[in-house]
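Subject: Model handover

Hi,

Here is the structure I said I would pass on. Please open it alongside this note.

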Amino acid sequence: MQKVEGGHLERFKKPFEVQRLSKNMYWVSVANYNVTVLVGEAGVLLIDVPIHTGKRVLKAFEAITDKPLRGIVYSHAHADHVGDSGVILKEVGANNIDIYATEEVRDALISHNVTLPASVTKIISDKLVFEGHTFDVYKNFDGHTPDNTGFLIEDGGRKILHAIDLIHPDQLEFRSFANVEDAIAYKNDIDYLLTMDWNVMVTGHSNLGYKEDVKFVQEYIRDIQSYIHQGHSKADFSAHLKSDTPFAWYDGYSNEVIDFAFNLLAEKYREGREEEFDIVAWSQVEVLFWAMFARAL
Ligand SMILES: [Zn+2]
């Protein structure tokens, strides 16, 4: 696995980082947020422009090429990943710059009243073609958000996937798996990533992603699920129904199972990353507990 040097704390401090991925493709990191850059024959395409990074993203792509910006793509409707597109349009002038997104992303921006990113001007479906380069568009990533979109391109013999907020290489996943909207759909997204044919992934944050990084997350989720099952079989639901307070079992039963699973998870994953584990792990067990509870999984 070819990783970019440095940990994610350093990533916050550098003005920007650039890593060439293939003939025409680049990874750009600004403030621990990642952007994919495609340099075409005549112009440049960016996938995502995170909030408060626009000017530095421009500097990064100007360090790569002097070709003009011609397009910006939105991976999903979270402004923290796409919010500075308007800043970029203002800086370079909005002429001839297309804003691409799927119908689902466009509709989510509208229905959630996310007004910071520049308006979508081109709707994409199964393919995104930019100056003869073709991305396959994957609309089936539903866990983080229902509109989350993956982009896969083969360039210079390398298959590069842009898929955001699913894995965070070199660190544990963020709290509640990056505020996952549907933890079971998210688990399926992780499984699906491993069935796809790709070599390197541009993730939303931190370092470049590889299949090994996805396997780590897959095992972590499976372990949590298995520990939750063990917790259910140990805990006595009726023992928590004795209080006169309605729903006291919420606190009693669910916390008994979650604490049990959390302690097993700590035995396997806490050592060497104690501070990080203590910040994120309980919320991750909790979010999976309720997603499984609702479906009797
Ligand atoms: Zn997101």
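Below is what came out of it, from the domains down to the strand pairs.

First, the ground rules. This is a predicted model: local features need pLDDT of at least 70, side-chain atom pairs count only at pLDDT 80 or more, and totals for chains, interfaces and linings use all residues. Numbering starts from 1 along each chain, as its sequence is written.

**Domains**

The protein chain splits into domain 1 (8-167 + 199-207) and domain 2 (220-295). The bounds come from an automatic or database domain assignment. Taken over C-alpha atoms, the centres of domain 1 and domain 2 are 36 Å apart.

Helices (H or I, at least four residues) and strands (E, at least two) are DSSP runs, numbered from the N terminus. Two strands pair if DSSP finds at least two bridges between them.

Axes are lines fitted to C-alpha atoms, for helices over the stretch in contact; angles run from 0 to 180 degrees between N-to-C directions.

Strand 5 (residues 69-73) and strand 6 (residues 98-102) run parallel, joined by three bridges. V73 sits opposite Y100 in strand 6. Contact means that the C-beta atoms of two residues, placed from the backbone, lie within 7 Å.

Strand 8 (residues 127-130) runs antiparallel to strand 9 (residues 133-138), with four bridges. K127 stands opposite D136, and F130 stands opposite H133. This hairpin has two residues between the strands, and E131 takes a positive phi near 45°.

Strand 10 (residues 150-155) and strand 11 (residues 158-162) are also antiparallel, with five bridges. E154 has K159 in strand 11 as its bridge partner. Two residues lie between strand 10 and strand 11 in their hairpin, where G156 in the turn has a positive phi of about 55°.

Strand 11 then runs parallel to strand 12, through three bridges. Here L161 faces M201.

**Helix 8 against helix 10**

The axes of helix 8 (residues 211-234) and helix 10 (residues 274-295) come within 10 Å and cross at roughly 65°. The two helices are therefore roughly perpendicular (under 35 degrees is roughly parallel, over 145 roughly antiparallel, 65 to 115 roughly perpendicular, the rest oblique).

I224, Q225 and I228 in helix 8 meet Q284, V285, L288, F289 and M292 in helix 10. By class, this contact has six nonpolar, two polar and no charged residues. Ala, Val, Leu, Ile, Met, Phe, Trp, Tyr, Cys and Pro count as nonpolar; Asp, Glu, Lys and Arg as charged; the others, Gly among them, as polar.

Best wishes
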